[in-house]
Each structure stands twice: as structure tokens, then as C-alpha cells.
Amino acid sequence: MASKLSTRTTFKEFRAIEPFYTGGEITTDETGTFLASTLDDEDCLIVDQRSAKPLCRIEGDGEAITSLALTRGAQHVVVCSRSLSMRIFQLAHSDGAVTAELLRTLKPHATPVVASTVDSTGTLLATGGADGIVKIWDIRGGYCSHTFHGHGGVITALEIFDSKSARQDTSAKKRKSGQVNGSSQTNSIFLASSAEDGRIKVHNLGTRQQVAALDSHVSVVRACKFSPDQDLLVSASRDRTIVLWDVKTWTAKRVLTATEEIEAAGFMSGGGYLYAGGEQGRVRLWSTSSGQELQTAPGRGLENESITTILSIPGQYSLLAVRNNQVLELLSYQSLEQRIHDGEAALVSTRTFSGNHDEVIDIACIDASLLAIADNTETVKILSTAADRESNDSPDFGSNVSSLEGHTDVVICMDVDAQGQWFATGSKDNTARIWHREAKQTKFSCFATLAGHTASIGAIGFPKIASKYHIPPFLVTGSEDKTVKKWDLSKLQPKLPTTPHAIAKAVFTRVAHEKDINAIDLSPTEPLFASASQDRTIKIWSTDDGSTTAILKGHKRGVWSVRFSPAGTPALSLSEGGSSGNRGLLVSGSGDNTVKVWSLNTYTCLLTFEGHQNSVLKVLWLPPPSTGDSDDSRQSHQNKPMIASASSDTLIKLWSPYASADADHLLTTLDGHTDRVWSLAAPLSVTNRTPESEKARKAAPYSLISGAADAKIAFWTDTTATTAIETTKALTERVEQDQMLQNHILARHYKEGITLSLALNHPGRLLRIFEDVVNLPETEREPGTYMGVQVVDDVIGGLNQEQLYKLLERIRDWNTNARTATVAQKVLNCLLRKYPQGLWTDMARDREVLKLARSSRAKGTAGGNAMKDLFRALEAYTERHYKRIEELIDESYLLEYTLREMDEIGGTTVTQNGTSSTSKDMIMI
């Protein structure tokens, strides 16, 4: 009777929010479809602007990137670095993927290139160096066509533009001779360049002459942009002024006072409006014709929110503002005139996303579509995690939908109430804040501030039991001051105040531990809460009066995380008999690299899971895997949750506390991070599945979310059911193929048998086929063949490289045994005669063969070493076999001599070499 196939728990990374911009250079193409950004100072990423998904990574040359330029249609990207090199890559686009091919590497300047730009056609590139020299390059040809000197410092801004009406020379002689009006089309292309001395020089690329020197700024000019519709050139400087230049006369048409250092400026809406941004962190608009400012909302002036650049995307009627904290905001100016007429905001923020979340300290699921993250800043970001957009107005996956601002230091811990309407945060500023979420919206308001701890708040928790009050009745906090506090919230007015409630007195305060408190969790079934500390203990407290119920000891180092089992969790069956009781379980993770499961009946340790190589930083209860079994089987498993543990070893492990004593409790290991994993969260409830939870599951097809110090947030989906189906299907196909192989062997269908044996990786049956062929009687062997059967010769001679490599591995194994060496030598002889010598060297370079070699016994080898080692093994054992045969031949001579001498002594004549004599005893040799 067939046994049931065991189900293997599997998870895979569904999506991820990864860093794509860590500060420095960033640019876009004219459509805004692609971004070229700097990652970790040295690498360049090509990013899909809509999804913020990296499409291509260009490795750096070991030095920081100083300038990036992306051509029209994102056909080429130019990367300049401090190594004085300029690398030009051609980008190939195919099915949403981008590949970069290095066309050439140049040394454009004697100093690093600090500014670059391309013209509207994508054929010309302007580079400005720290030496004050500006050069024009042909991107496709890779040569320098122009070199301009004259600037007295570092080049800060460049602009290539085409203007038929621009004044082309300042000399009166040339103006009188009519050379200006009679110039060719080539002479209408200009280059505007600015330097840190505040001067702007304009050169005509056709005549290679300077046509204007614009001297109005007294500090670094950060932007130069041209409007062909208005024939105006705008320059913006850190001297807090913006100047509009008339290119017909090269005189200042209007000077705007910005009252802040400007870092970016340009034209929009056909040049009718001017945008600029700088240290105040706001994008400001002016009317080009009147000089009146349209958007006057005051900026907050925070240093980390100052604007470093603004990218114009005319194809989307948008501006992309890049801030100092690596936050990118997309602002739409579509229907600008109508909004201005209606008195509405001229710019509308359509999307905000972070280029880098820094170190993700904690995460919390507000619901299936919203995720709160604490990323080593004083601001909590709310991200959209909806798998599919419900409408065009819905936020994109991973985009910032809200920010919770109020703390003055880094936020360390967070918790969400059972309804997902109240949110609590704890910070290094020694305070906790409670935030209220408006029903089914993404807007949060600070409801209350709790002050009373004398050190950082490192643990916080709401009651897990649904409350009849509008707000959770209380909150529990734990701090580095070694105390836990319970705060009464039930008496607060339900109406949101204009200013947050200030709570300074706790219901009770208990000196809980001897060291810092790392985690707090509240029981979903009883009035209890647990606190975990660096003093290696876990304490169970009563939420009513703050009395100590139990102290759990067993960890050898500090305890980082603790969690009560969800309501309805079945008891564990103990190996010595009995069960863990009906009060539930508690799981903890510690710096001693272990995960422990405790009984809340006896307050003793029931299980210890070992497997992590470093501190366990977070533990979490997860819903049981979806096995895809029948309803009865699913019902028996749906209340048996798993345990997830995250560690400093960058791994996440899933455990089953319900495995039998002789079975492995480890279900699977998730490897998706490169640094310590600080936080885990589950978007779905662990309790029984309901229609509401199934709807939430559809909205969030991932079961686990992890955040780590590598700034990556990974979303993991449960693929256990899919894997089980695929495994069953593969097993069925394997059984059918095995039966077919057996039939081919019995019927002596050598061609099909050899091919199928290689495909199914059946070395024993493949050896059996070759032994049958080699041992054929002479009467059945076909003349002129290497193996004795022409079909077998043809099959061996028609294998692809992967099949050849597999066959060589089998020959190597057979060749190590004297009983099967004859077959191995026969097949090897056929191979070497059927294929040219050059094939084996080609196989040593073939990527697919090398990949196959790494996945087999040749693991750890690199390059052509896999093939080299394979042939060396064949050579060594072949020499050994030949040596053995030679020794046997030598020994046969001795035997022959001995027998002959014995015959002579006994008077027996031996038949030898065709001559025979009669004797009573005849020995044939």
C-alpha cells in the first residue's frame, strides 16, 4: 500500500522593498520611466521609477560616483567616478529587464567629473571637471569634440540647448557683418556652464566661441536650465537668488529673491512657470511673466529634508523632488492653470517613496495593506503593502503613505491594537506616543504622549483582547531604566484633541529587572504580560496590580524577544506523558542562540530549539502552513501555529513545536538578508480562519514580513501547498518514467534507455544497459562499431554538453571499480573517438556545464577546474588499471614457466605453440 507523501514546509520571497538610492547622484530620462541612482557611493542602479524596483546594477570601479547622466530613452548611461574614469554603458531593454553593456572607458579630465548633462537628442554629453574645464563628447563615437577653458573653479551646472534667436556673439564687428543672422543650424546649439565662483559662461558649439559671460551671482550656481518657448535661461544659486536671462540680449530680465539657498531650479508648463527648491525642503513655484510666487507654504527647514535636486519629467507633467534623507516625492502639475484659478495647491503630491530605509529596527502590520516601520530615525513611516492597486489613485506597493512625526529621538519599538485603529511607539526620547488612525484611511494623529521613564523605551504593548472602549484601556511600557509601567487610557476623551493628551503618571511602576528591558508582550487570554530583559530572565506579571506571577530562568544570555501563544493554541504533548496544559504557551529568543517554548501552566521550559549561529533577536507565532490537504486534515492542523525566529546570523527559521520527539522541529530556513534581522511581523491573525481573514489573505498574499539592518524589508509567502502539488506531480511523472525505463531496458531499446537514464539520473540502470551491450556475444556484435551496436554509438555521439558531462561523471565513478572499469573504458573510448578535442575545452568554459558542475560533486570548483578534475580522475584510474593488467601479464609468464617445468619433471608433454605430444596428462596453455 502506498504511503502518504510527507509535506515539506516551504516559503519564498514574494516581494521586497530594497534600497535603491543612498545619496549622491541621481538622474532620470525625459519620460521619467527610468532612474539612474547611486547605491553605496560606488554602484549605479537603473530603477523603474513607478515600482522603485531595481532593474540593473552596474558595479562600481572602487571609487565614489561623482556624476551620472542618462540619455534620451534610457539608451545609454554615463558613470563618472573619483578614479577619473568615465564609463559609457549601452542599455538593452527586454521584457521589463535591463542589461548594461560597457561600450568604452575614458579618462575625460585630469580631475574628477563633478557635473554632466546630455542634450535633447541623446548624442552629445557635456562634462565639467573640478579643474574648471568643460568638454563636449560624442556618446556614440566616444570622442571629445569641444574643450572650453576659462572657469576659475569647480564646475557646478551644465546645460546644452538649442536656440535660433539667441545672440551668438558679443563683438560688434560680427553683428554688423551679418554673421549672426546668417548662421547655420549647427551654430544655434549652445552650452551654458557655471562654476563655484558664481559666473556663467555661454559658448556656441558651432563657432566654438564664448558668446556671453553672465555675472550676477555671488555664490555657487547650482542650476542652469533653458526654456525654448520663452527663450529664457534660469540660473539659481546658493546666494538665495534666481535670475532669468534673456538669451536674445544676454541680460538679466528678472531677479527673484528666494530667501533660502537654492539647490535646483528649472522651467515647467512650456516655460510659463519656474520651480525651485533648496534648504527649506519645499518645491516653490513662480510665474515667469510676473515673477509672482504661487506656492508660499512655509517649509520646516529640517536639514535632513532639504532638497538636493529636482528632476523634471515633462512626459508625466511631474517633478521628482529628491531630499537629503533619500526620500523621493513625485509632484504633479497637470491641470496647473485650473488649480491656480480655483485657488488650489499648484503641485499635488502623487507618490512618496524612500530610496533607503537605513537600518530597519522594528516593523508592525497595521492591517493587510499598511506597514509601519521604524528605520533608525525619529519618524515612523507608513508604507503601502497592498499587493494589487485597487484604482489609479491607490498607492503603489512600497510607497510612503504617511509619516508619524513627533518624537525627538530614534523610535525603537511599536505595537498595534487588536482593531488596527490605535498605534503606539516608544523612543529614545524617553516617551511613548499613541496614534489614532482615522477609519479606513492612512491618516494618523497623535492622540497622547506618555512621559515618565528616565531612559529609552525599548518595549511597548497594547492588550491583545478586543476592548469595548473606543481606545485600548491601557498600555504597558518597558525601559532601559529597568522599570515597567502601566498607563491608564480608558478615561481619555474619545474626541481627538487639538493637542495630544499629556499623561505623566502611570497606574503602577515596577522595578522589573536588573538590566535593560528588551521586550513586552500581553496575553490574549488572561490578564498577564511578560517582560524580557538582558538579565537573562523572563517575568510574568499581572496587568491588574503589577504583581509578579512567575520568573522564567533558563537562558544563558539576555532575552531579546518574548511572545504569548495566540488564543486557541492546542497544548503540546509531552514526551514523558501528559500535556503542557490549557493556559497556553510562551516563546522566547535569546542571545544564547536558542529559542525556548515555556508552559504557562507549570512555567517550565518544554522545548529548546537550537540552530541559529548568533543571537535570536525576534520570535513570532505564525499561522500553520497551508498544506492543500483535505478539509478534515486542514482542520486538524489549522490551530497548530508555527514559530518564526530571526537572528543576527541573517537567517529566519520556522519551527514546529508540535513535531514528534524523534522528528526535527525545524521546518525551513529563510535566507534573504545580508545583515542581522531585527524584526518580524505577520499581516494575518493566527486564530481560526474566517471569511474576513481569507479576504485579508487575498489582499496580502504573504504570511511573514522581515526587516533587517541591510535596509531591506522582505515579504515571504507560504508556498507549502504549491510545493506539495508540484512534488506530487513530479513524483508521479518520475514513477511513470521509471516504468518506461524498465520497459526500454527489457526490450533492449538502447537509444531510449540511455537517454532516459541520463535524464532521470539513474547511474545503476545506465550501467546495466552498457554492460548488456559490452557483453553481447561476438555473433551479435555489429562490425565497425566501438560499442558493438551502431545505435549505441549513435546515441553516445549525439549527446549535448550537459548530457556529456553527466556521462563523464558516471564513467569516472565506474572507472574506480575494477569490476566496472571495462565498461567505463569502452564508453570512454567511444566518447573520445566520437567527439573532437576542442569540444572538451569548450565545455570547460560553458556556463551551463559549470553550473551543473557546481551543483554536483564538483562543488567549490571554479572556471574550468571542474572539467580538469574530471579528466584527471579518469587518467589516474585508467593508468592504475593498465598497470594492474601489466602486472597480471607478468605474473602469467611466471605461471607458464612453473607449469612447463612441472611437466618436464613429470615427463608430460605439453601442447604449446602449435606442437603437441601424447601424454597421459594434458595441460592446455
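Two strands count as paired if DSSP finds at least two bridges between them. I also note that helices (H or I, at least four residues) and strands (E, at least two) are DSSP runs, numbered from the N terminus.

**Entry 1: ground rules.** This is a predicted model, in which local features need pLDDT of at least 70, side-chain atom pairs count only at pLDDT 80 or more, and totals for chains, interfaces and linings use all residues. Residues are numbered from 1 along each chain as its sequence is written, and side-chain values use heavy atoms, with hydrogens and water left out.

Entry 2: I began with Val-562, which stands opposite Ser-588 in strand 47. Strand 47 covers residues 585-590 and pairs with strand 46 in the antiparallel sense over 5 bridges. I then followed the open sheet of 4 strands, whose order is 46-47-48-49 with antiparallel pairing. Its edge strands are strand 46 (559-564) and strand 49 (605-610), and each pairs on one side only. From one strand to the next, the twist averages 20°; for such angles, axes are lines fitted to C-alpha atoms (for helices over the stretch in contact), and angles run from 0 to 180 degrees between N-to-C directions.

Entry 3: Next I looked up another open sheet of 4 strands, with the order 1-56-55-54 and antiparallel pairing. Strand 1 (11-17) and strand 54 are at its edges with a single partner strand each, so one side of each has no neighbour in the sheet. The twist here averages 25° from one strand to the next. Inside this sheet, strand 55 (residues 704-708) and strand 56 (residues 713-718) pair in the antiparallel sense over 4 bridges. Leu-704 has Trp-716 of strand 56 as its bridge partner.

**Entry 4: Gly-672.** Trp-716 came up again here: Gly-672 touches Glu-13, Lys-712 and Trp-716, not counting residues up to four places away in sequence. Contact means heavy atoms within 4.5 Å. Gly-672 is in the loop between strand 53 (666-671) and strand 54 (677-681). Is Gly-672 buried or exposed? I found 15% relative accessibility, so Gly-672 counts as buried (buried is under 20% relative accessible area, exposed over 50%, partly exposed in between, with a 1.4 Å probe and protein chains only). Gly-672 and Ser-706 are 34 residues apart in sequence but 9.2 Å apart in space, C-alpha to C-alpha.

**Entry 5: two serines with positive phi.** Phi of Ser-269 is near 55°, a positive value in a residue other than glycine. Ser-269 is in the loop between strand 22 (262-268) and strand 23 (273-278), and is partly exposed at a relative accessible area of 35%. For Ser-335, phi is near 55°, again positive in a residue other than glycine. I located Ser-335 in the loop between strand 27 (327-332) and helix 2 (336-341).

**Entry 6: a helix pair.** Helix 6 (residues 750-760) and helix 8 (residues 790-797) pack at an angle of about 35°, with axes 9 Å apart. Tyr-750, Lys-751, Ile-754 and Thr-755 of helix 6 make the contact with Val-791, Val-792 and Val-795 of helix 8.

**Entry 7: the chain overall.** I noted 13 helices and 56 strands in the chain. Of its 925 residues, 52% count as buried.
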